[in-house]
Every structure is written in C-alpha cells, then in structure tokens.
Amino acid sequence: MTSTTSLPERAGRRCHHVVNPLHSTVYFSPDLPAELAAVGVEDRAAAYFASRAAAMGAVGPGTVTATFYNFAYDLVARHIPQVWSVVPPAEVLAARLRAVDSTLRRLLGDAVVESPEMAEAARLALRATEGCTRHARPLYAAHADLPVPEAPHLAYWHAATLLREHRGDGHLAALLDAGLNGLEALVTHTATDRGADRSWLLATRGWSLEQWEAAEEGLRERGILDAAGALTEAGTKLRADLEDTTDRLDLAPYEHLGAADVARLTELASGFTQAAVAAGAFPKELLGKR
C-alpha cells in the first residue's frame, strides 16, 4: 500500500536518520549513568531501562519489554520494577535531562548548543511533532505528555525524542505484522549492512548465544536467512517492506512540516549528528557485521 504525499521519496526516513542519532547520544554517554548513580541507580542497564521508560511512570517489566521489543524479558525483570523503589520516575526524567545537557555541550560545544541554528532546528522539529498521533503509540504518547524544555538544545532533544518514539512505535507494529519477534528482529537487522555487532547485542539485549542461534535456525526454515546467516532474497524483501511500512506509518509529522522545512531540518540535523559522531558519541560495535 502506498500513500500520496507531497514529500520527496523517503524524505521522512532521511530526516529521521539524522535527527534520531542526536537523541540517542545520551544512552551511550557516561553522563547518564553518572547522573543516575548520583541518585542511587548504579547499574548501567537499570539506568537505561529506567531513563527510557520513566515517561510511562512506574511500569512493570512486561510493559517495558513490550514497548522496547528486542530486549529479553528476564533482563528487564532484573531491574524493573526494583529501580522504582530506589528513585521515582520523575527524578529519573530530571536526571536524564541533566545528562542530555552535559552530553550535548560536550559533544557539540557551547557555541553550537547556543546557536541560532540549534534554535531553528528546535522550532522545526517541534512543529513536526504537531503531526504525530498518540493512538497505539505508547512510548510516544508518554513522552508527549512531558513539558517541552525551555533551552533550545533541550527542546530540540525533546522533539527528537518524540519523533524517534513515534517512528519506533510504528516500526514495532510493522515487525509484529511481519511475524518477527524481538530476537528475530535483531537477527534480521544484524544480517543487513546496517546491523549492529552480534556480540554487542548479546551483551546488551539479554539473549544467550543459544537463543540467537535457535532464532537463526527458525529464520532459515522460513526462508529468511540462508545457510551462512545472510538474508535471502525473501529476507531482503521482508526488511525492505518493513522500512516502507514504517515510513508510511510515520509520514504524518513530515507531511505536517512540509517538504522545504523537512529538507532544512535534515540539513541542520545532519550537521549536529556528524559533529557528535566525530566527537565519539557512539561505540564502534554499534554498527557493522558480527
């Protein structure tokens, strides 16, 4: 199914791919675990789960597993809901925003953080979020209830968060429709040129090597992977169709912003993200084959 749009083909996807990384920097920053350790959360996995889930309130492991999708339930349950007995969600959100501030200032520098371009990007990204919808999008909807920070770089990060979770919630619907569970989603994504390193995913997502290999075998039986673990023609089409469906479900914010402003936001976000990557914002294991 295709949608009629005034946007250039995949303009929303291109914009997402440069806006989202700046949002994600905080989850790879030493500042986030440091801020949460200061309020009693010393485990890095607990810090991640709490900081991303806190907008939903003191939810249990089932909700976090459902909305994060590709983490093993047993790993989530080691930290959720215990972390809420250490620090309430509101304090976690405040700690996360402090970490965002220090992370962006370190990666980009005060001049960029306080620049007219950052303020412009914040205005554009926030306007795009006006086209987002809450129904069937739990992580987006929870974050949409949070106040917009006053500082432009924090407002831009907040808007990037909304756009990320809006697209992410739609992507999970596409994965579910395609018949891929959380682990199978990881395995098939790793089999693409954009996939993260398998050992890194095993270390951070809570799956065992045996579970990973069993998922690979199941995907071979379905004709999605070949004997070497690469995507078959059917598997390649499956992943391409997933991205196309995700684009369609995520079209509204970029349609609302309009082609010219999507192009401008993409330009501004590209500069910020390139600077962050050059400053070492992400681990090398995040990209690349096994």
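Is helix H1 mostly covered or mostly uncovered, and how many of its 14 residues are buried? H1 is mostly covered, with 12 of its 14 residues buried; buried means under 20% relative accessible area, exposed over 50%, and partly exposed in between (1.4 Å probe, protein chains only).

Before going further, a word on the model. This is a predicted model, in which local features need pLDDT of at least 70 and side-chain atom pairs count only at pLDDT 80 or more, while totals for chains, interfaces and linings use all residues. Residues are numbered from 1 along each chain as its sequence is written, and side-chain values use heavy atoms, with hydrogens and water left out.

## The chain as a whole

The chain has 17 helices and 0 strands. Both kinds of element are DSSP runs numbered from the N terminus (helices are H or I, at least four residues; strands are E, at least two). The C-alpha trace spans about 55 × 50 × 35 Å along its principal axes. For 290 residues, a compact globule would have a radius of gyration near 19 Å, and the chain agrees, because its value is 19 Å. That radius is taken over C-alpha atoms, and the globule rule is 2.2 Å times the number of residues to the power 0.38.

Buried residues account for 53% of the 290. Of the contacts between residues at least 6 apart in sequence, 76% join residues at least 24 apart; a contact means heavy atoms within 4.5 Å.

The chain carries 28 positive and 37 negative charges, and their mean positions are 1 Å apart. Here Lys and Arg count as positive and Asp and Glu as negative, with His and the chain ends not counted. Each charge is placed at NZ of Lys, CZ of Arg, CG of Asp or CD of Glu.

H1 covers residues 11–24 and reaches 20 Å from its first C-alpha to its last, close to the 20 Å expected. The expected span of a helix is 1.5 Å times one less than its number of residues. Among the buried residues of H1 are Arg13, His16, Pro21 and Leu22. Their cover includes H7 (89–108), H11 (152–177), H15 (233–249), H16 (252–257) and H17 (259–278).

H15 has 17 residues and reaches 24 Å, close to its expected 24 Å. Its buried residues include Leu238, Leu242, Glu243, Thr246 and Asp247. The buried residues of H15 pack against H1, H11 and H12 (182–190). An α-helix has 3.6 residues a turn, so residues three or four places apart point the same way.

Arginine 167, in H11, is in contact with residues of both helices: Arg13 and His16, and also Glu243, Thr246 and Asp247, are among its contacts beyond four places in sequence. Asp250 is another of its contacts.

| Residue | Helix | Relative accessible area |
|---|---|---|
| Arginine 167 | H11 | 5% |
| Leucine 201 | H13 (198–205) | 4% |
| Alanine 99 | H7 | 0% |

Leaving aside neighbours within four places in sequence, leucine 201 is in contact with Leu186, Thr190, Ala196, Gly206 and Trp212. Leucine 201 and glycine 229 are 28 residues apart in sequence and 16 Å apart in space, C-alpha to C-alpha.

Alanine 99 touches Val26, Asp31, Leu32 and Glu35, again not counting residues up to four places away. Alanine 99 and phenylalanine 272 are 173 residues apart in sequence, with 17 Å between their C-alpha atoms.

## Backbone details in the loops

Most residues other than glycine have a negative phi, and most peptide bonds are trans. Which residues join through a cis peptide bond? Isoleucine 80 and proline 81 do, with omega about 10°, and proline 81 sits in the loop between H5 (73–79) and H6 (82–86).

Tyrosine 69 has a positive phi, near 75°. Tyrosine 69 lies in the loop between H4 (61–68) and H5, and is buried at 16% relative accessible area. Alanine 136 also has a positive phi, near 60°, in the loop between H9 (116–129) and H10 (138–144). Alanine 136 is exposed, with a relative accessible area of 72%.
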